[in-house]
Structures are given as structure tokens and as C-alpha cells.
Amino acid sequence: MTPLTSRSSALLGLLRKETFHILRDRRTLIVITLMPVIQVIIFGYAIRTDVENVRLAIVDPSPDYATLALRARFGATSAFRIVGVLPRAADVDGLFQQGLAQEAIVFEPDFAMRLGQGLPARVQIITDATEPNTGSTVQAYALQVIQGYEREIRAGSDAVRIVPDVRTRFNPTRESSNLFVPGLMAFVLTIISSLMTAISLTREKETGTLETLLVSPLRPWQIVVGKVAPYLLIGFVSVIGVIIEARIVFNVPLVGSVLLLLAEGVLFILVSLSLGILISARTSSQRVAMFGALVGTMLPTMLLSGFIFPLESLPWPLRAVSIIVPARWFVTVARSIMLKGVGLGYLWRETVVLLAMAMALLTLSTRSFKARLE
Amino acid sequence: MRRIRFLAWAEVLHVVRDRATLAQVLVLPLLQLLVLSNAATFEIRDVPTYVVDFDRTTASRGLIDRFVASGNFSIVGRSASLDLANEEMLRGRITLLLTIPHDFESSLVRDHSARVQLAVNAEKGSAAGVVQSYAVRILTAYSAELGSTLLPTIANVRSTVGDQPPVRGGGRIETPLRSRYNQTLNYKHYMVPGLLVALVTLIATLVSAQNIAREKELGTLEQLNVTPLTRGQFIAAKLLPFWVLGMLDLAIGLTAGWLIFDIPVRGSLLLLFGSAAVYLVAALAIGLWISAMVETQQQAMFVTFFIMNIYLLMSGLFTPIDSMAAWVQTVSLFNPVRHFVTISRAVLVKGAGPAEIAGPLAVLAAFAVVTLALAIRQYSKRTA
């Protein structure tokens, strides 16, 4: 047997051992495999910002034909659900505080009479603006209903109208799941690649078995490959799982090239794995490694990648930090391929950044791993 | 009672002696509050907007000025080429494309009605709907303004069809708008009261989840098992110090939020801390329950992280409960975090009193009782 084949069979042995380790720890295995599945469901059904079924309270001190007509319009619109008709505007606060109403429209007394006399008639729109975006949106809904009514009663008069013709590009139904799935891929890959790798390598350090591996005929790179290859495989499989689940349950489109998406995925896995190795090389206990992976990789992936919260909303210091977060680039790439169907022509910049990150981190991590040898 | 006091005191000493833990529970929440309140935001300002103005008239320029003046939009480019605009959108550099057709002003003067096109880049997600409602509001305000002042002037200057006398106010409906509780639409005023809950929850649950597991790993749990301490006393002694810690964290976080972000405190602080007292029992009991169940600190961290992740995402902290699918809304009723987030926002931002938050508070109390019972049951003095 030549030294080369003995080394490669030793690598196979290490791979087998690592696979056994992963398969034997049932609790962790369940968490790894279940996490992506549950995350897709949660993000698809729970993390949404669409505003529907607005709970509307109506304050109508003197009901007449005009207020009743407007109330009927609100009742007929599917966007609103009327939760109560109150005689006094002061009662609205209690409903807001209990969360029973999100919006109230307040008619002034003698509404129809004023309209008939050609006087301006007032109807106040009060919104619970605790959540500013929902507040603005429900306000716009109510304005539309009232303006529709006004146009009807003033048909033929001089009212000026600018009619917006709204088109929503790239995600016409504004389905949240379409946007979250690309980000979710980045998140799942980060958990498996960075977190699991960091912990698994540090565990060998803690238990002292890494020393045993180091004195074996295996080269350092082979140890690294043997330790991370199974996680690379798990990561790859879960990404495909996420895509399939998203497609079946939420009908998330995949407009662009699957091959390009998977290739970029592998690139991102490389970056995450190198980060995991780097973290494990710099830490000595599982607890510290876990904490480092949490703060260094998972939180940035969740908060600074544009995955949930739009990058545009970040203040500039955080936006500057987001440039060095690999997930930020991958999320852009994955979204563009899945929703817009663009190719490398549009994505070369992001790809180059990811490539550069992968090279730099790989060099850095293998070097700090080697440094332990001497 | 004395036994509880001794064990609780030992726990306090542990926390105070270990600098790392002390920093973890006192400094980390502040850092998280600072970063999260800035990062976890759907706030929309300076929407990158591209304008294609085919009209180039007083009316079209006036419309563009209104977009700029609103402060919500920032014009990042303008040209007379739709191809250029589409290219920018494909590259993801713009969120809104406003196209004004060439007959914009003339049809306004002629028919009192004109069309503009708004293309919203929905790739940016939740922003799309709000961007659209902002734009529609500007268009509405502008058309009202045109009707009363601008259009007659334009028509006179052009003196083409300026023969119509401006009729004003004829049966108009005025719609004064009022945004309650958050007039300036400051996103932090919404997020910080919710984030306080998240911080208290994370610290309380993580610290308590690690606790019993650590005693198991160190072997000191066996020593406690052979003392006359009952199971209830054991859990009570573990719970008390962390309960104080949680209240302390809430007080620190609230002070920081008030000093740094000027968040409103409209309701009674006594009511908020009273609710927190009940909530913390539930949060800590869940942590201790996990801790009694698992074998190692590692597993405790994993399980806690997994559960917290789901709890926080489904609590309405980041995205409104109202927007969630109907079945998720039902499921989230069994999430204590949801109820305390509701209470915190209602008391701080809306100034709700005891009557308004009685519902969620009662649910929290029920949670506290049930989880405490579960934790006591899970901890058995015999090791298998």
C-alpha cells in the first residue's frame, strides 16, 4: 500500500467516524433537520406584513343617509371589519388600548345636511399608529373608500383626480414567503455550516481527541475536510429541501437558473464553513464557540442581510457593517435569481465579493488551524 | 423558608462572583437594545425613486416636488428613458418608479383627470405596500391642491380653456387625519417596548435553562438531592434570584430606552412591573423546566434557542399579529411572549390601565401557574 492510498483511506475513516457522530446525537440531529422545515412554515405563515381585515370603529353622533351610505361602503369592502358603532369619539381610546379597534372614522354631526348645502363636511380618520406602517396603510385604505364615495356624489363637478396606475414588479402578489425563502436559505446554511462546524471542531479540542487526530498520518487539510464534508452535505441537502418545501407549500417561484442558484449556494456554504473553522480555531470551549457563532454569524445573518428587515431602513453605521456580512450578498443573489430570473451578467459583483470572501476566509482559517500544529 | 433563602443566596453569590455572567446579564441587554432598535426596523424613509417625466410641465414638476418635499422619497435618478429606468429596477437600485405621461398637464386641464404610473419593486418586501400608500397619499393631496389653486393658475397662464370659474368647496368631504399614540411615526417608539420584553425573556430563560443542567454536569445536584429540600422549595429558590435579576434588567432597559430613544411612558409603571412580575415567573419556569429535562448545558442552549426563536417570531414583536395567517394567530395565543409584548405596548405607548389589559394579564397568570407546576414535576430528586 502506498502512503497516498493509506492517507486517503484514513480520510475515509475520519469521514465515517464523523458521520457516525452526527447520526448518533439524536437530539441535535432532530434540531438540525427539523429547524429548516419549521422555519419555512413560520416565515411563510407568521412573518407577514400584509394588512387585511382592519378592525374599524365608527363614531356617528347623528346618523343620516350620507353617513349610512358611507358606513355601508366600509362594510362592503373586504379590507374592513366594522367592530362597533359608537356615539362619542371619546370612547375610541378604550377600544384602541384593548386592541379591539385599529382605526376609527368620526363623522361630524349633520353630515348629510352640510353636504346638501354645499358646505364642506368633515369625517375624521383616527388610526392607531403604534405600528407606523400599519397605521399609514389603514389610513390610505380609509381615504380611498371616502374618496370613492365623494367622487360618486360629485360626479360632473370640478374635482381634480390623478389616477395612479400601480404595478408591482417581481412579486406581484407581494407574497411574503417569496421574499423570505431566499433569506431563509442563507439562515439555514449559516446555522449548519458555521454553528455546527464550530461546535464539532471545538468539541474535539475540549475532549482532547483533536491531538490524537493531529498525530495521525492525516494532513491538517484532510482533518478539516473530514470534519466539514458531512456538514457541507447536510447543508446542501437542506437547501434543496427548503426550495422544494417552499415550492410545494407556498408556491414560491424559481424564475432563474437552478444550476446558478445551487452553484452560488455552494460558494456561500464555503464562506460559512470557513467562518466556522475560523471561530473554532480561535476558541477553546464549546460555550465560547457557540456564543461566537451566534454573535458573529447568526445575528448578522438575521438582522443585517436584508432577510427580514430592509437594508434601506438601517442607519448608516449598521449599513456599513452589513457590507462584510456574507449573507447580505447571498440574499441579494438568491432573490434576484429566484424572483427576477437574472443571470451572472447582473450578479457578477455580488459573486466576486463572495468569491473574495471565500478565498480570504479559507486562507485565514487553514492558517490558524495549522498554527496549532507547531 | 430558611432553606429557600440559603439556596437563593448561593445562587446570587454565583451570579455576582462570575464577572462574565454578570456582564452577560447586565451589559448585553443594553447592547442588544441599541443594535436591535436600529436594525430591527421596517421604517421607511428616503425610498430610492426614479422619475421618468415625459411631460416636463409646471404640473408634472409640481408633482415631483411634492414627492421630494414629503421626505419619504429621495429621487436617485431621472431621465426620459423607460429602458434606463427598467435597468435600474432590475439591478435593484430603486424601489419606486414614477412615470408621468406626456399629456399629464393637458389632460388635467381638459378633463380634470390624469394618470400616472407607479411601479413598485416588491423585491424589497413589506416596504412595497407602505411605499404605495405614501405615494397615493401624495397624489391625493396634490390633486386637492390642484383643484383649489394651481390648476386655475395654470389654465389662466395658458389661457386655452381657462373659461371655467373655479367652484370651491361645493359639497366636499374633508378628511382630517389623526395618527394616535405615534404622531411622528417613529418606529423606535413601537419597537423598544417590544424589545424590552425580548431582552428580559432571553436573559431569564437562558440563565435559568443553563442552571440545573450545570448542577447536573458538575455533580452538585446530587448533593442537593440528599438534603431535606422539597421539590417546590428547590424550584422556588432557583427562581427567586433570577426573578429579581429579570426585574432589574427590565428597569435598566426601560431607563435606557427612555433616556436614549425618548420612548413614551404613558401608562402606570407600577402596572408594567406588576405584569412583568407575573410574566417572569412563567418565563423562568419554562427555562427551569427545560433545564430539568436535558442532560448538558449544550443541549439546554440548543433547546432554549430553538424554542425562543419560535416564541419571538410568533409574538408579534417584529411583525403584527393581525397580519399572520388565521391559524397562526390562534396558536400564538399559547405564547406568553405575545401577551407580555401586547401589555408592554399597551401600557407604555397607549397608556392603557388595568381594565384594558386584564385579558392578557389573566392569561399570563394562568401560564405562570401551569409552567411552574410543570417545572416542579419535571425535577425529580432521583437520578435514573
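Strand 4 of chain A and strand 6 (residues 177–180) of chain B run parallel and are joined by four bridges. Strands here are DSSP runs of E with at least two residues, helices are runs of H or I with at least four, and both are numbered from the N terminus. Two strands pair if DSSP finds at least two bridges between them. In strand 6 of chain B, B:R178 stands opposite A:I126.

The model is predicted: local features need pLDDT of at least 70 and side-chain atom pairs pLDDT 80 or more, while totals for chains, interfaces and linings use all residues. Residues are numbered from 1 along each chain as its sequence is written, and chains are lettered from A and ligands numbered from 1 in the order in which they are written.

The two chains meet through 81 residues of chain A and 86 residues of chain B. Contact requires C-beta atoms, placed from the backbone, within 7 Å. On the chain A side, helix 6 gives the most, with 13 residues.

Chain B has 15 helices and six strands. Of its 384 residues, 47% are buried (20 or more other C-beta atoms within 10 Å of the residue's own, placed from the backbone).

The largest nonpolar core has 181 residues. Such a core is a set of buried Ala, Val, Leu, Ile, Met, Phe, Trp, Tyr and Cys residues joined through C-beta atoms within 7 Å. Helix 8 (residues 187–218) of chain B gives the most to this core, with 17 residues. B:L284 and B:A285 have the most contacts inside the core. Beyond its neighbours within four places in sequence, B:L284 touches residues including B:A204, B:L239 and B:W243.

Definitions and conventions
Buried ≥ 20, exposed ≤ 12 C-beta atoms within 10 Å, placed from the backbone.
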